[in-house]
Amino acid sequence: MFPQDPFSGAPAPQPAAPAQTAPLLAHLNAEQLAAVTLPAGHALILAGAGSGKTRVLTTRIAWLLQNGLATPGGILAVTFTNKAAKEMVARLTAMLPVNVRGMWIGTFHGLCNRLLRAHHKAAGLPQAFQILDTQDQLSAIKRLCKQFNVDEERFPPKQLAYFIAGCKEEGMRPRDVPAHDADSRRKVEIYQLYEEQCQREGVVDFGELMLRSYELLRDNDPIRAHYQRRFAHILVDEFQDTNKLQYQWLKQLAGDVVDGRFEAHGSVIAVGDDDQSIYAFRGARVGNMTDFVREFDVQRQIKLEQNYRSYSNILDSANALISHNSRRLGKNLRTTQGPGEPVRVYEAASDFAEAQWMVDEIRQLVKNDGFERREIAVLYRSNAQSRVIETALFNAAVPYRVYGGLRFFERAEIKHALAYLRLLENPHDDTSFLRVVNFPPRGIGARTIEVLQDAAKSAGCSLHDAVSAVPGKAGANLGAFVALVQVLREQTQGHTLRVIIEQMLESSGLVEHFRTEKEGADRIENLQELVNAAESFVTQEGFGRDAVALPLDEQRGTLTQSPASQGLDPNAPVLDTPLPAAPGIVDADTGETLSPLAAFLTHAALEAGDNQAQAGQDAVQLMTVHASKGLEFDGVFIGGMEEGLFPHENAMSDRDGLEEERRLMYVAITRARKRLYLSHSQTRLLHGQTRYNVKSRFFDELPEEALKWITPKQQGFGSFAPHSGAGGAYGAGAGSRFGFKAETFASPPVPAQKAAPSHGLRVGIAVFHTKFGEGKVLALEGTGDDARAQVSFPRHGTKWLALSVAKLTVVDG
DNA sequence: ATCGGTTACCTTTTT
DNA sequence: GGTAACCGAT
């Protein structure tokens, strides 16, 4: 498809790059330059830790755009984490005055969400489908098990959830799963029932998001053809972490199988590092890298081995460690920086002492060596390890921030609030219904629920619809609950997100309930933060950005011929309307968008709240090693370097498990720029029990000459004498919400937008829509391309429409 | 039948 | 330390 460059390794000679390109390409080394200026075609870039991978990716995009080799609409860049996606957008914006909105840059799940919203009909979903997180999925499965009398001893719901997620990651529907014995047949049966339940309730889990959009592309020729033509340039970050399904998904976007041979249309650039593959436990296949080279007939591979991050003592340690792994693609990082400080290793008597040592070192780094606190990270293998360190930091009054653990949108009270909101959108969401039908308590107990579930099952309807079938006082209580939601829905019709949430908090009785609870103050505070979260979602990046649609001529992206509509499938009206460039939450057919509420709920499910990233305070960063991937810090502490913890005992069932643990350690080490500290403890309090651990085998795999062992002081650590009684009596009780609590969503409310509306609509006037007919405007939000209107249609109900896509005309009257 | 207090189990990592 | 399942008191 693209002319092949006869030189395979050399950077493509560019026809007299424009002068303005120079600063873009300045300061790139030869390897990086070659990667950025690759000619069209597929390529694999092996990018070692700290080799400027993100820089190469973003510069590549900027370079393509600047030289007219691509339009924004023709670019698809996919990552694994929201953090990485945001980082890319931020860097691109800084590089180029380009409209980033035209590009599809996001996580796999985020982009799948877009696809499914835009083509929800073809995908067989309601537009406002809700997304189940892992918790929701588990409770849905538990409910199913009760419903169908599944023996939960023999089939633990957790295991079933794992099984179902695993099947989906492999791209398997129930009928595709091989089942030879009675047990696995039963599991497949449950999988099938689970799918039916989700479909009935209009919800999808994370795996379904991927699988459904893969099938959408696979089975719908016009849609696939459209996106294949549109995305001439596909860039994949962290390719080593893709699972089987994600790879197949990429193949659908990139090309077709012709005569048993895969032929790709566009240009796919995969960036990855096999040494940093740490997600095999959730289905990631490093083998995708070699498959990619074979199936895409990759002609160019570039290794980025120059490390710009760390001093050589740190880098040598990383290289030495990872060399103990077999089956590597082979790659060695080098640096031109000097050796730097040795890697310091500390052996503590207890986890308390270990934490105290960390605090002391951190204070010295800040005081004597001029380190910023935000440039210091404490990494650990599992979240449970964070508490001791938090306590030590807290007692020493060192500001810190914890990433991971309980995330904002996963807190119980927030999930309750979200459940009410979801019921406003979709009364048939049984998971949400059950979560709050008796919370706060309103006289609806287990017995009543049982009757209701039986009624719903025999009528084949949702719990909501079965309420009227329950007789007596119990039925009346249920009716009151349904009425409450119904009234709330009517009351909030046409109101802003903020008002909707505040109303909900009041009339649901949630706030009232927590007011009377002892520990309720924190929860109420969190609920208040939910309002802030919604506020910043509406005004900042969130809803506005995703909902935007570009002007028509830009929408076509790189399409040179008319879109796939002609002559392919007369029954596919989907593509008659040109697709918006970023139909995040816009129906490709009607221009209908999600309500701000539904969009916010999607946001809550897809981004469990790591939004707290750029809060101002200079604080030490605490996180798991997994969470640290892609980040870097001047100083890094890795604690709990003990057998059973790191490497973790649960991961050691096979050889692959140990190698993954080693890669995890490799990732941890390579986070550090200047200083690296390792520590282990002889004893550790875990689940209230003292465990005696030996130091990690990884110490034996590090180069002795790069290490410096520190002997503990003989002094006791008075303030850290273990308390008597069960482990963590030191929390400050009621006030234990630490003073340095992340100001997650405490951003000041942004003043309401005052820009003059350009669409000429007003609340109350009548409008005409080509598909829905005449309707009345209930509410307006946003300006310019973001403008959207809530319109009530007599036939089709109340809908939110993106004004830049939906064809609305004002009806005289 | 429901509520509120108790216990048991958790915990490897995450979109 | 936190949550869900369990159990006795109302």
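Predicted model: local features only at pLDDT ≥ 70, side-chain atom pairs only at ≥ 80, totals over all residues.
A polar contact here is a pair of N or O atoms within 3.5 Å. Chain A, with 813 residues, has 28 helices and 24 strands, and DNA strand B is surrounded by 26 residues. Here is a short tour, topic by topic.

**Overall build**
- Of the 813 residues in chain A, 55% are buried.
- Among the contacts in chain A with a separation of 6 or more, 77% join residues 24 or more positions apart.

**Around DNA strand B**
- The closest of the 26 surrounding residues are K158, R381, R407, T448 and N650. Sugar and phosphate make up 57% of the DNA strand B atoms that come within 4 Å of the protein.
- R282 places a polar side-chain atom 3.1 Å from a sugar or linking oxygen of DNA strand B.
- Helix α18 (residues 446–459) contributes the most to the surface near DNA strand B, with three residues.
- That surface is made up of 14 polar, seven nonpolar and five charged residues.

**K629 and its neighbours**
- K629 sits in the loop between α27 (625–628) and β16 (633–638).
- K629 has a relative accessible area of 13%, so it counts as buried, the cut-off being under 20%.
- Leaving aside residues up to four places away in sequence, K629 touches E238, Q240, D241, Q276, I278, Y279, V667 and R671.

- Several elements each supply at least two lining residues, including α8 (182–201), α16 (412–425) and α26 (596–606). The biggest share comes from β23, which gives three.
- By class, the lining has 13 polar, 11 nonpolar and six charged residues.

**A412 in helix α16**
- Helix α16, one of the elements lining the pocket, also holds A412.
- A412 is partly exposed because its relative accessible area is 36%, between the 20% and 50% cut-offs.
- A412 touches R435 and R523, not counting residues up to four places away in sequence. A412 and R523 are 111 residues apart along the chain, yet their C-alpha atoms are separated by 8.9 Å.

**Backbone points to check**
- Most residues other than glycine have a negative phi, and most peptide bonds are trans. The following residues depart from those patterns.
- The peptide bond from F439 to P440 is cis, with omega near -5°; P440 lies in the loop between α17 (430–436) and α18.
- The peptide bond from F646 to P647 is also cis, with omega near 10°, and P647 is in the loop between β16 and α28 (655–669).
- N149 has a positive phi, near 50°, and belongs to the loop between α6 (134–147) and α7 (157–169). N149 is exposed, at 67% relative accessibility.
- R327 has a positive phi of about 50° and is found in the loop between α13 (312–322) and β11 (343–350). R327 is exposed too, at 59% relative accessibility.

Notes
Residues numbered from 1 in each chain as written. Chains lettered and ligands numbered in written order. Heavy atoms only, no water. Near = heavy atom within 4 Å. Polar contact = N/O pair within 3.5 Å; in protein donor to acceptor, adjacent residues only side chain to side chain. Helix = DSSP H or I, 4+ residues; strand = E, 2+ residues; numbered from the N terminus. Nonpolar A, V, L, I, M, F, W, Y, C, P; charged D, E, K, R; others polar. Buried < 20%, exposed > 50% of the residue type's maximum accessible area, 1.4 Å probe, protein only. Contact = heavy atoms within 4.5 Å.
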